[in-house]
Amino acid sequence: MSVVVGYIPTPEGEAALERAIREARSGGTLLVVVNTSRGDALVDQRFIQQQQAENLARRLEAEGVEHLLLQPLRGHDPAEEVLEAAREHHADLVVIGLRRRSPVGKLILGSTAQRILLQAEAPVLAVKA
Amino acid sequence: METLNLLMQGFATAATPMNLLFALVGVVLGTAVGVLPGIGPAMAVALLLPVTYNLEPTSAFIMFAGIYYGGMYGGSTTSILLNTPGESATVITAIEGHKMAKAGRAAQALATAAIGSFVAGTIGTALLVAFAPLVVKFAVSLGAPTYLAIMVLALIAVTAVLGSSKLRGFASLGIGLAIGLIGLDPVSGQQRLIFGQPLLIDGLDIVVVAVAIFAVGEALWTAAHLRRKPMSTIPVGRPWMGRQDWKRSWKPWLRGTAYGFPFGALPAGGAEIPTFLSYITEKKLSKHPEEFGHGAIEGVAGPEAANNASAAGTLTPMLALGLPTNATAAVMLAAFIQFGIQPGPLLFEKEPDLVWALIASLFIGNTLLLLVNLPLAPMWAKLLRLPRPYLYAGILFFATLGAYAVNLQAFDLVILLVLGSLGFAMRRYGLPVLPLIIGLILGPRAEEQLRQSLQLSGGEISGLWSEPLAIVIYCIVVVVLLLPLIIALVRKARGGRPSTLEEVTMGATPEAAEHHAVHRSAGTRNPQDTENATENKEKV
């Protein structure tokens, strides 16, 4: 039993994380934080660096939730990584952040959130910033 | 006075709307390739060579000049914001610049780098205007034996002074010279190294070789290292400098320029040595020595100026003697040959319009670069988020298209693939690419001078040192070859005291040195550059 959250260092990601912490604490379950990148660009600001990861770990400790930070770099889609983490840790809840997308943006780029919503086996909680 | 008139004419040619547009395209492209580690101005010019076939040579060279200077500006942005020097010349910028950025002074670091580059580039180009005609005047009086000696010096110096391993350097030079031999003997018409393949009789097209080695080789190398832990850049606003920053920057700019230009103008100066020298000088002269290693603005201003001044200096032997000493100059020289323009001392006489328009466009390009870089630095940093598969797929596509377009000959694609694999193998085994390309371009021209000297002396080998200057230059060649050995012996005898430079790069900033080691293993940088960078720490 666990709560899986897809985390990126943006307002949406923070909102999702905060909600996920609350959910994990109230359920007393493991919190799995997934932060991933396809790793094909030289720079990805959404992938948290060591310093940020340490800060995150400290924060989760202070919140008093049992947690696990996953940073897989396998060239997969972020959606895929979140879904896989959810399967592996038998998630009973997946938390994701939603951001505003323009119609054109939605048309051109696939939506990570949409894939998770449609394909996750567990209930998905979508949080807005 | 005459020079000034010619320069003004050059400005008139370079300032037409069409040529200004080419200059703008050049500086934008140059900055872009400078920002992206692994892709350099040499690759950009090589890729554009086939495209510029139908252009007016002057317009093409105005664009190339923009790319050449732009690469220098772009490299400093990446060094400062990401601590990934795009090339060996910006290693020092990365040391202090990245520290500044981490301390929240990224805007000032970027500003001092850009303005310093502008100051140094402008002064350097002015020095080029002053010195190149003098060098030409001197050079036209030289005979074939002296020319041969100068070319030998350039070949040996580029191979032996730059780069980590001399053995690898000479191996690479040998490959370049061998590729240059393919085809018909220019004097006797004998076939050389064509292995019964009639399509090789005309020799290998330099454009195809340059595209294969720079573009295909690099693309394959990056493809082999594609998935890496992404890094994060330091967010930055618009670059600006306070009063105090100006006060601390202007002297290092001028001193850096003074170091950079002469080293660039030497046949094997390169940009690394002057940047290191400038850094050491600034550290000694600074009123804030305690800041060095923690982000001192002088440590960015000086080396960046030295870097750009050396780029201007490199153009002096390139234009006045036809001697390229860095990869971009070599590819630009290949472009001269492609346009049917004979590089060498007669260039100023035969193609004054082209040469002076090119020099004038350096002034214009430098100004454009300041305008493009200062306000837009944060935008350039975003370029680093580009997914590299798309980028390198595009490069491979352009490389293939270009190589085929040169002669509309499918066989060239085979050559492209073979030499591209060679370029990949060279990166894999740490062979520097620069000696190859210089050997390829200078080799046939050195041979011409050799044959001419021998014809003049009736086949007597002593004809090669029949001019006093040639003897002097051969002595310098011997010194260049022996000096490192002697230094090593002396140091051994003294018990190997670490030099100042080592203290600077290793001692003062262990973290930076460590960082470089990390990048090296990550393969995000051109391995040749990495070799050079680490070499500079070991060597001096």
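## Strands S1 and S2 of chain A

Strand S1 (residues 2-6) of chain A and strand S2 (residues 30-34) of chain A run parallel, joined by 5 bridges. Two strands count as paired if DSSP finds at least two bridges between them, and the strands (E, at least two residues) and helices (H or I, at least four) are DSSP runs, numbered from the N terminus. To get from S1(A) to S2(A), the chain goes through helix H1 (residues 11-27) of chain A, in a right-handed β-α-β crossover. Right-handed here means that, with the strands pointing away from the viewer, the path from the first strand over the helix to the second runs clockwise.

S2(A) is mostly covered, with 4 of its 5 residues buried. Buried means 20 or more other C-beta atoms within 10 Å of the residue's own, exposed means 12 or fewer, and partly exposed is in between, with C-beta atoms placed from the backbone.

## About the model

This is a predicted model: local features need pLDDT of at least 70, side-chain atom pairs count only at pLDDT 80 or more, and totals for chains, interfaces and linings use all residues. Residues are numbered from 1 along each chain as its sequence is written, while chains are lettered from A and ligands numbered from 1 in the order in which they are written.

## The rest of the sheet

S2(A) also runs parallel to strand S3 (residues 67-70) of chain A, with 4 bridges joining them; A:Leu31 has A:His67 as its bridge partner in S3(A). Helix H2 (residues 50-63) of chain A carries the chain from S2(A) to S3(A), again as a right-handed β-α-β crossover.

Put together, chain A has an open sheet of 5 strands, ordered S3-S2-S1-S4-S5 with parallel pairing. S3 and strand S5 (124-128) of chain A are the edge strands, each pairing on one side only. The twist averages 20° from one strand to the next, using axes fitted as lines to C-alpha atoms (for helices, over the stretch in contact) and angles from 0 to 180 degrees between N-to-C directions.

## Nonpolar cores

A nonpolar core is a set of buried Ala, Val, Leu, Ile, Met, Phe, Trp, Tyr and Cys residues joined through C-beta atoms within 7 Å. The largest has 169 residues, and B:Val45, B:Ala46, B:Ala210, B:Val211 and B:Ile437 touch the most other members. Helix H5 (residues 91-139) of chain B gives the most to this core: 24 residues. Another core lies apart from it, with 26 residues, among them A:Tyr7, A:Ala24, A:Ala79 and A:Ala113.
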